[in-house]
Structures are given as structure tokens and as C-alpha cells.
Amino acid sequence: MTHQPVIPQDIQGNPVRVGLPMAMLAELTHRCPLACPYCSNPVELARVNSELTAAEWGDIFRQAADLGVLQVHLSGGEPASRRDLTEIAAAARDAGLYVNLITSGIGFTEARLRELDGIVDHVQLSLQGIDAEMADWISGYGGSFARKMQVAEWIGQIGFPLTLNAVVHRQNLDRLPEMIDLAERLGCRRIEVATVQFHGWADLNRRPLMPTLAQAQRAREIVNEARRRLRGRMVIDYVPADHHATYPKSCMGGWGSTGLNIAPDGVVLPCHAAQTIKGLEFDNIRDVRLAQIWQYGAAFNAFRGTAWLPEPCASCERREVDFGGCRCQAMAMANDPLATDPVCSRSSLNARLRAEAEAEAASDDIALVYRRMPKEKRT
Amino acid sequence: MTGHRLSNACIPYLPRGVRLHDDRVRGIRVLLAPERAMQLDAVGDAILTELDGRRSLAEVILTLCDRYDAPSEQIEGDVHDFIRGLVDRRMLFLACQGPHGEAP
């Protein structure tokens, strides 16, 4: 354990109140056949030989359930890249957790999907585009769209409840209505429309991916119209474009408040991008019990609560709403993880952020930097 | 199905992927659904516990009236509000007679 005060304290030494976690993101591997240029995995990907074993995951799931976690999101990379996925998922279900599988679909055969029947509660299938041309270009994987649609059909036949996860950006946002139609045709109960978050890999692709202001406004209208039309038939969750907002999002519903993330190599994180924050120390589940990390881990306590907030957040009436926004964005742009999220209109950096986003959105650059594992990085 | 009156002839049921769970850590009952964990109060728990995928909304309301010795208008109002909210979020399905009915 890196740092263990008797009373949990934030980064400024203020005492913090520690609640109970609800949801855990389990990144089973960073391997993935796709190479999406906005991948949420860190730019430094974890190697295969450092991955937690199925037995280790089983122990983690039991610890998580004891700690209050109700739902686990099996993610990656691509979870299907783990040959022992069924064993891992079964361990999560046995621990009493609600098991959500987050997948691109690539790597599943019908037989492997059927193995998860009765184990996985719900499937989230990613969508890179509405047709093969767009989806295969964005994912950097020829044939991915056709295979994904085949997997969607199997999911329907087996009867898994399905959510489509559409990641949107400048290149595909104009086709949002068709994405919603596709989700309806596939019998989805939900569609998540998430605008790219410009961290990590996506930060390397701001020029081709940054949506225009007009696109962001149009997307909001499309979502509102579809919500009215589909009420009671399909739920639409929408994550709008950060850079066109007035106020920041409440990252993770508040740092260290309800969610935690386990990286493939066992590092326990308050959010998937937290390792971009310099100076924070993270514990590994191989060395420390989960309850101990959640309660006393220095990284978890660093930004808990609101006592650490600087101005203009400290006196802001929204401080309990968004907790100053995203720490990783503050780190990336202000080079200070305590700063107000530059996405906020009250941040001194907001004018610069908006100007940059506008310039990026006006770019006609369509060259993508694809996500690659280190050994392939030579190209 | 929503935005207007619910028919008491419909059979409400929890679809696959939505389930009741005893949260032993917090000592409460929760309804688990995709990306949602809904903390249930006594009323919500009582209503959902009655759903068996066979009995209609009318029968569920009658059972609850007997159990809680409450007037049927009040129980019906509570049940309808609660169920309509869950149907809108796709956390509860209704099997109804007619062209748009869904089988449990």
C-alpha cells in the first residue's frame, strides 16, 4: 500500500467520507482486433503476460460483491479475446453480480456466445458506423461490420437484452438517425449515443474526430425527437459533446463515489483514464485487498468530495452537481489535476479550449491514428 | 402503451436482464437492470414481489389491497405510477391482449 492514513484524506489533507461502490469496470484485456482511434484504453497498453488470471478475477469479484458492488461491466479491449471469458463471467455471476458484457462482437462464434447464456445478464455491442464502409474504416478492421451484424443476430436469437453503444464524432454524427433506426431494427431496449471523449487515443485524433457545433446541436434535436417517438419502446442515453457544453460532466458521478475500474494487469483505478494524472499513486489488487484500496487508496481519496476544490468551483452552486468536472481533462489541458475542468464556461482556459475545438472541427483532416499494441507501433 | 392509461388486463413482468436482488451490504432490495441499479422502497418492493408473469395488473392490485387493507383507488394509483415509470425505462414489460401485445 502506497499511503495509508488512519482517516481517509483528499489531496489537500481534508478528511473525506467514503461511500459504497455500485459498479465495477473489469478490463479483462487490452487486446482487441479493432483499432478504433478513440479507444478509451490508455496509450500505454498492458501486455498479455501481465493480465490477471481467471482465478484472480474470481477472487476480485467476490471482494467487490462484499464491498457493495452490484454490477460488473466486463470490458477490454475485447473481452472475447480472452479464451477463458466464460469462466471469468461465470465467476462474476456466482459472486452475485449483475454481469454486463461490453463487446465489439468480433471474436465471438455462436457457440462461444451460447456458453454465456444464463451467465451474462446484458450485452452492450459497440457500433462504429452504420455501414461497412464507415465502420470498417473507423475500426481499422475490414469485415468488422458484417461480423458485428452476424453477432447481433445471434444475440437476438439467444435472447440477451441488447444495448447498442454508438460512439459518435464528426465523421459519423450526421448518420445518427440511421444508428437509432438500426438499434430499433435489432430489437434493442437501449441505445447509448456517446460523443467521443477526447482523452488518450482520441486526443491524438482531435482533428478528424472533433464534431462541429452545428452537429452537436443537431444531434441534441435528433435525440430529443427520437426519445419522444420511442417512449416506452427504446431508451436513448446520450453523452453530448464536451467541448460545446456550458458546464462539465460529473465524471464517474463523483470521483471515488460509486465506481471503480480494474485494469488488465490488476491496477485499481478511480476512472479508466486516471493514470494520465501525474503524481497519483495506484495500488494493485495483487498486493492489496479491494476494500483497503477503496477506503484508503491515495488515488481514490485524492479528489473525493468537494473540500479540495479550488475557485471558481469552491464557491460554485454546481459544485455538488459536477464536482469540478473531469480531472483527466484538467490534467491534459491545464497541466493541473486540481484545476476546474476547462470544458466549464467558468474556467479561465475555456476560451482557448473552444477556439481549439472550433479549429479542429473545421479541419478537413481525415487521417486517423489507430490504436495499436506496442509491438505493432513501428508502422 | 405509455403516456396514457394502463390497462389492468395487462400482465406485467420483469423481462430478461432485469431482476430483483437482495443487497446484503446496504440491507435493501434493489432492481438491477442494464446500467441501472434502482433502490426500492417498501412500496416498490411490494409491487415487484407480486409480479409472477401470470397474473394481470388487476389481480396484483387486488392482492395488494387485501394485504395492506387500503382503498383500491389509492393502491391502483401507486401501482400505475410505479409501473408506468418502469415501462418507460424498459425495466418492466406488459403482456397485453391485442395487436401490440408481448408474450412474457
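Predicted model: local features only at pLDDT ≥ 70, side-chain atom pairs only at ≥ 80, totals over all residues.
Colleague: Which residues does UniProt list for "binding site" in chain A?

Modeller: The annotation comes from an unreviewed UniProt entry.

Colleague: Where in chain A does Cys36(A) lie?

Modeller: Strand 1 of chain A covers 23-27 and helix 1 covers 54-67. Cys36(A) falls in the loop between strand 1 and helix 1, and the place of Cys39(A) is also in that loop. For Cys36(A) the element asked for is the loop between strand 1 and helix 1.

Colleague: Is Cys36(A) buried or exposed?

Modeller: A residue is buried if 20 or more other C-beta atoms lie within 10 Å of its own. Cys36(A) has 24 such neighbours, so Cys36(A) counts as buried.

Colleague: And Cys39(A), buried or exposed?

Modeller: The cut-off of 20 applies here too. Because Cys39(A) has 22 C-beta neighbours inside 10 Å, Cys39(A) counts as buried.

Colleague: What are the helix and strand percentages over the "Radical SAM core" domain?

Modeller: The unreviewed UniProt entry lists this domain as residues 18-233 of chain A. The C-alpha atoms at the ends of that stretch are 38 Å apart. Its secondary structure is 41% helix and 16% strand.

Colleague: What is the radius of gyration of chain A, and why does it agree with a compact globule?

Modeller: Chain A has 379 residues, and a compact globule with that number would have a radius of gyration near 21 Å. Along the principal axes, the C-alpha atoms fill a box of roughly 55 × 50 × 50 Å. The value for chain A agrees with the globule, because chain A has 20 Å.

Colleague: What share of the contacts in chain A join residues at least 24 apart?

Modeller: Chain A comes to 14 helices and nine strands, and 52% of its residues count as buried. The share is taken among contacts between residues at least 6 apart in sequence. Those joining residues at least 24 apart make up 73%.

Colleague: How do the residues on the side of chain B that touches chain A divide?

Modeller: Chain B gives 18 residues to the contact and chain A gives 17. Strand 2 (19-23), strand 3 (28-33) and helix 3 (72-88) of chain B each give two or more residues to that side. The division is eight nonpolar, four polar and six charged.

Methods
Residues numbered from 1 in each chain as written. Chains lettered and ligands numbered in written order. UniProt positions renumbered as here; feature names shortened; annotations may be inferred. Helix = DSSP H or I, 4+ residues; strand = E, 2+ residues; numbered from the N terminus. Buried ≥ 20, exposed ≤ 12 C-beta atoms within 10 Å, placed from the backbone. Contact = placed C-beta atoms within 7 Å. Nonpolar A, V, L, I, M, F, W, Y, C, P; charged D, E, K, R; others polar. Rg over C-alpha atoms; globule rule 2.2 N^0.38 Å.
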